[in-house]
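Thanks for coming. I have one model to go through today, so please look at the sequence and the structure on the screen.

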Amino acid sequence: MNNAVKIELGRRYRFSASHRLHSPHLSEEENCRVYGKCNNPYGHGHNYVVEVSLSGDVDPATGMIANLADLDAFVQREVLEEFDHKSLNEDVPAFREKVPTTENLCMEIFQRLKNFPTAKLERVRVEETGKNSFEYAGDNQEGNRP
Amino acid sequence: MVLLTRKTEFSASHVYHNPNLSAEENRRIFGKCNNPHGHGHNYTLEVTVAGEPDPTTGMVLDLKELKDILEREVMQRMDHRHLNYEVAELAGQIPTCENVARVIWQLLDPKITQGKLHRVRLYESPELFADCYRNGANPAVKR
């Protein structure tokens, strides 16, 4: 294998969920000013795209960093089943106390996926819409790549 | 430092099969990608070169030159080809997205002499891609 090149595998998943941006530490006016229409009391939804990047050795027997079926099943179990067609505020315990901004969502997904057993999680990138995206690589500075 | 990216697309077929494994193991590991007659994808390749713009031309490298390198090294080798049987550089390897991306990196790296190859990203589908970087390269280089 050629060690001059570092290879990463990227896989995209989609889920749809609702959220409301509202901080209990702010007044009604401040919430309204900070979050604008995202503070609408009944919430709203997005089609999220989650991009997961993994690194590791390419197994010469399979040509793979990670078996996609294993990765898909892991992401399905850890993230999609709990987030898809849910209210992030009401249905995901992590967001009872934390505002479900996509920054926080990205970090939460990273925490849920970082123990994937057969390859190293480099970073998680979440698109809230086609125009907004967020990336998180944990403490892993190597993961902060373009 | 400026990063310049050129995108191109090619279509190719492949099959995942390791002759050292049993038929059942091949099916278990590779699933439908093990279908003996193969299948194909529209690949999208993004090649990113890093460098300082030349003060005279304002360019990191001439895009036409990069286009010609991609045509010669990648398109002529891989477009409308069977990756298992027609690409010598992939002989003996399973033509996964990871391995095809690495071969493309190895083909392009010595040919790009103005600026430095920074990243090869190969999409096998919109949902699956592989990235190659120079190992040990400064990860602080951002977009």
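Chain A has 4 helices and 5 strands, where helices (H or I, at least four residues) and strands (E, at least two) are DSSP runs, numbered from the N terminus. Read from the N terminus, the elements of chain A go β-α-β-α-β-α-α-β-β.

Two remarks on provenance and labels. This is a predicted model, in which local features need pLDDT of at least 70 and side-chain atom pairs count only at pLDDT 80 or more, while totals for chains, interfaces and linings use all residues. Residues are numbered from 1 along each chain as its sequence is written, and chains are lettered from A and ligands numbered from 1 in the order in which they are written.

Back to chain A. Along the principal axes, its C-alpha atoms fill a box of roughly 60 × 30 × 25 Å. Chain A has 146 residues, and 29% of them count as buried. Buried here stands for 20 or more other C-beta atoms within 10 Å of the residue's own; exposed is 12 or fewer, partly exposed is in between, and the C-beta atoms are placed from the backbone. Two residues are in contact if their C-beta atoms, placed from the backbone, lie within 7 Å. Taking the contacts in chain A between residues at least 6 apart in sequence, 65% join residues at least 24 apart.

One loop in chain A, between α3 (88–91) and α4 (102–113), holds A:P93. A:P93 counts as exposed because it has 8 C-beta neighbours inside 10 Å. A:M64 is 29 residues from A:P93 along the chain, and their C-alpha atoms are separated by 34 Å.

Now the strands of chain B. Strand β1 (residues 2–14) of chain B pairs with strand β2 (residues 39–51) of chain B in the antiparallel sense, over 13 bridges; two strands pair if DSSP finds at least two bridges between them. As one example, B:S11 has B:N42 in β2(B) as its bridge partner. β1(B) is also joined to strand β3 (residues 81–82) of chain B, by 2 bridges, and these two run parallel. There, B:S13 has B:H82 in β3(B) as its bridge partner.

Next, helix α2 (residues 63–78) of chain B. Its 16 residues reach 21 Å from the first C-alpha to the last, close to the 22 Å expected at 1.5 Å a residue; the expected span is 1.5 Å times one less than the number of residues. α2(B) has a kink of about 40°, centred on B:E71, the bend at a residue being the angle between axes fitted to the seven residues ending there and the seven starting there. Which residues of α2(B) are buried? They are B:L66, B:L70, B:E73, B:V74 and B:M78. The buried residues of α2(B) pack against β1, β2, β3, α3 (83–86) and α4 of chain B.

After α2(B) comes B:H80, in the loop between α2 and β3 of chain B. B:H80 is not a glycine, yet its phi is positive, about 60°. Most residues other than glycine have a negative phi. B:H80 is exposed, because 11 other C-beta atoms lie within 10 Å. In chain A, A:H85 also has a positive phi of about 60° without being a glycine. A:H85 sits in the loop between α2 (68–83) and β3 (86–87) of chain A, and A:H85 is exposed, with 11 other C-beta atoms within 10 Å.

On to the core. A nonpolar core is a set of buried Ala, Val, Leu, Ile, Met, Phe, Trp, Tyr and Cys residues joined through C-beta atoms within 7 Å. The largest one has 53 residues, and B:A101, B:I104 and B:L122 touch the most other members. α4(B) gives the largest share of this core, 7 residues. Leaving aside neighbours within four places in sequence, the contacts of B:L122 include B:Y43, B:L45, B:C97, B:F129 and B:A130.

Last, the contact between the chains. It takes 30 residues from chain B and 24 residues from chain A. On the chain B side, α4 (97–108) and β5 (128–134) each supply at least two residues, and the largest share, 7 residues, comes from β5(B). By class, that side has 14 nonpolar, 8 polar and 8 charged residues. For the classes, Ala, Val, Leu, Ile, Met, Phe, Trp, Tyr, Cys and Pro count as nonpolar, Asp, Glu, Lys and Arg as charged, and the others, Gly among them, as polar. Strand β1 (residues 5–19) of chain A is joined to β5(B) by 7 bridges, and the two run antiparallel. In that pairing, A:K6 stands opposite B:Y133.
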